[in-house]
Amino acid sequence: MSCPARLLEILTAQGAVPDGWADTVGAVRREWFLPDTIEAGGATIRRSESPEAWLAAVYDDQHIITQINDGRETPEGAYRLPTSSSSLPSIMLEMLDLLAVREGQRVLELGAATGYHAAWLAHRLGSEQVTSIDIDPVLAERAAGNLEAAGFRPRVFCGPGDHGCPDRAPYDRVVATYTVPEVPYAWVEQAPTGRIVTPWGGSFFPYSFAVLDVGDGEAHGRFTGYPAFMRTRRNRPHRGHLTDFLHHRKEGTASRTDLSPLTFDGDPDALFFIGLDLPDAWYLRADADDGSGEATFWILADDRRSWAAAGHVPGASTYAVTQYGPRALWDEAERSYRRWEKRGRPARDRAGLSVTRDGERVWLDTPGDVVR
């Protein structure tokens with residue numbers, strides 16, 4: 001059985017269906033919002049060739065990639081960056097639960113993608129209450145077509161989500177389906193007494209929901225969850241193979257550290273606070289495939305000018321570090337980690353976010369204790 005009832009059964013068994021959303025999950029057919037060819041679970045599945053496998057993937061709790069490299073041709077061997085998808089249904093429901101949407105409210109969705117998420121909102125609230133926007137004209141047109149074919153008619157626009165949609169404001173709720181490094185103030189202005197929910201973070205740790213309540217021209221809230229969404233396309237940093245970021249490898253500066261690089265990788269609270277200091281660099285752990293337990297922890301600058309590598313060897317007391325470029329990225333990350341330790345190793349849920357007309361600040365415990 002591959003249908004909405006099966007998806008609802010899976011999500012209910014996980015305890016993932018918030019109050020008020022079961023009817024919507026069971027009524028809206030996800031298949032109406034997906035193309036013939038999808039990528040799910042690391043496999044490419046074509047409905048025309050494997051209809052049962054296609055439907056089984058669609059009605060499972062998994063994300064489905066629907067676009068690579070903004071829809072451009074991707075030669076064989078080229079880096080494949082997923083740029084649009086149908087999100088994991090359980091994560092969609094987690095986000096909608098945080099949004100705390102109620103009947104009669106007006107919602108602005110940033111990132112229409114396939115239109116499936118907007119269809120859930122339209123089913124729950126009524127199409128006239130939902131506005132959706134996507135920066136990609138192909139996706140915006142496709143989402144609108146999918147929604148209409150499924151019997152929903154929310155307003156779908158093409159444009160940069162950073163600007164919101166002032167022509168349809170004000171809204172009671174604003175929800176983004178992509179990760180932003182900063183919350184645009186336009187969202188605050190357009191939901192003057194509402195709530196904003198968005199995946200948030202820079203390159204180093206983009207795995208948080210920011211949940212903000214708005215009032216008096218400001219938004220304040222906390223971080224929660226561990227969502228993995230695609231980045232906003234506005235000022236999106238380059239991504240590629242590791243070799244695209246490594247250069248001048250013989251010119252790197254060698255040093256040693258007593259901090260195991262795996263300390264970073266295993267602690268999401270540490271990674272969150274390091275990410276506040278390194279929003280424009282990302283990390284990659286590469287494990288040796290010889291069973292030795294050795295690993296290399298790479299830190300790579302978004303601008304591709306700097307890189308660092310720290311090697312982990314089981315049982316060692318110090319670890320080799322190599323760095324290249326105008327930034328000493330390992331040193332930056334280690335200093336940030338030590339600051340986190342001096343603060344008492346705070347958990348991420350003690351951090352908060354405030355957005356005002358003057359910009360964004362991250363604080364610890366109270367808005368007066370600013371950490372970024």
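The expected span of a helix is 1.5 Å times one less than its number of residues. With that in hand, here is a friendly tour of this predicted model, starting at helix α6 (residues 137–149), whose 13 residues reach 18 Å from first C-alpha to last, close to the 18 Å expected.

- Leu139, Ala140, Ala143, Asn146 and Leu147 are the buried residues of α6.
- These residues lie on the same side of α6, because they cover an arc of only 130° around the axis.
- An α-helix has 3.6 residues a turn, so residues three or four places apart point the same way.
- Pro137, Glu141 and Ala149 are exposed on the other side of α6.
- The cover over the buried residues of α6 includes three strands named here, β3 (64–68), β4 (82–86) and β6 (130–134), along with β7 (155–158) and helix α5 (116–125).

**The cavity**
- Searching the whole structure turns up one cavity of 30 Å³ or more.
- The largest cavity has a volume of about 40 Å³.
- Its lining is made up of Trp200, Gly202, Phe205, Phe272, Gly275, Leu276 and Arg372.
- Helix α9 (residues 268–277) gives the largest share of that lining, three residues.
- Sorted by class, the lining of the largest cavity has four nonpolar residues, two polar and one charged.

**The second largest pocket**
- The second largest pocket holds about 170 Å³ of space.
- Around this pocket you will find Pro35, Thr37, Ile38, Glu39, Thr44, Arg46, Ile65, Thr66, Gln67 and Ile68.
- Two or more lining residues come from each of β1 (37–40), β2 (43–46) and β3.
- Strand β3 supplies the largest share, four residues, and β3 is also among the elements covering the buried residues of α6.
- By class, the lining of the second largest pocket divides into four nonpolar, four polar and two charged residues.

**Backbone details in the loops**
- Ala169 and Pro170 are joined by a cis peptide bond, with omega at about 10°.
- Pro170 sits in the loop between β7 and β8 (173–176).
- His248 is a residue other than glycine with a positive phi, near 50°.
- The loop that holds His248 runs between β11 (218–224) and β12 (253–257), and His248 is partly exposed, with a relative accessible area of 40%.
- Arg345, also a residue other than glycine, has a positive phi near 55°.
- Arg345 belongs to the loop between α10 (329–342) and β17 (351–356), and Arg345 is partly exposed, at a relative accessible area of 41%.

Conventions: Residues numbered from 1 in each chain as written. Predicted model: local features only at pLDDT ≥ 70, side-chain atom pairs only at ≥ 80, totals over all residues. Heavy atoms only, no water. 1 Å grid on protein atoms, 1.4 Å probe; cavity = no way out; pocket = protein on both sides within 12 Å on 5 of 7 lines; lining within 4 Å. Points joined across faces, edges and corners; volume = space filled by probe spheres on them. Nonpolar A, V, L, I, M, F, W, Y, C, P; charged D, E, K, R; others polar. Buried < 20%, exposed > 50% of the residue type's maximum accessible area, 1.4 Å probe, protein only. Arc of directions from axis to C-beta. Contact = heavy atoms within 4.5 Å.
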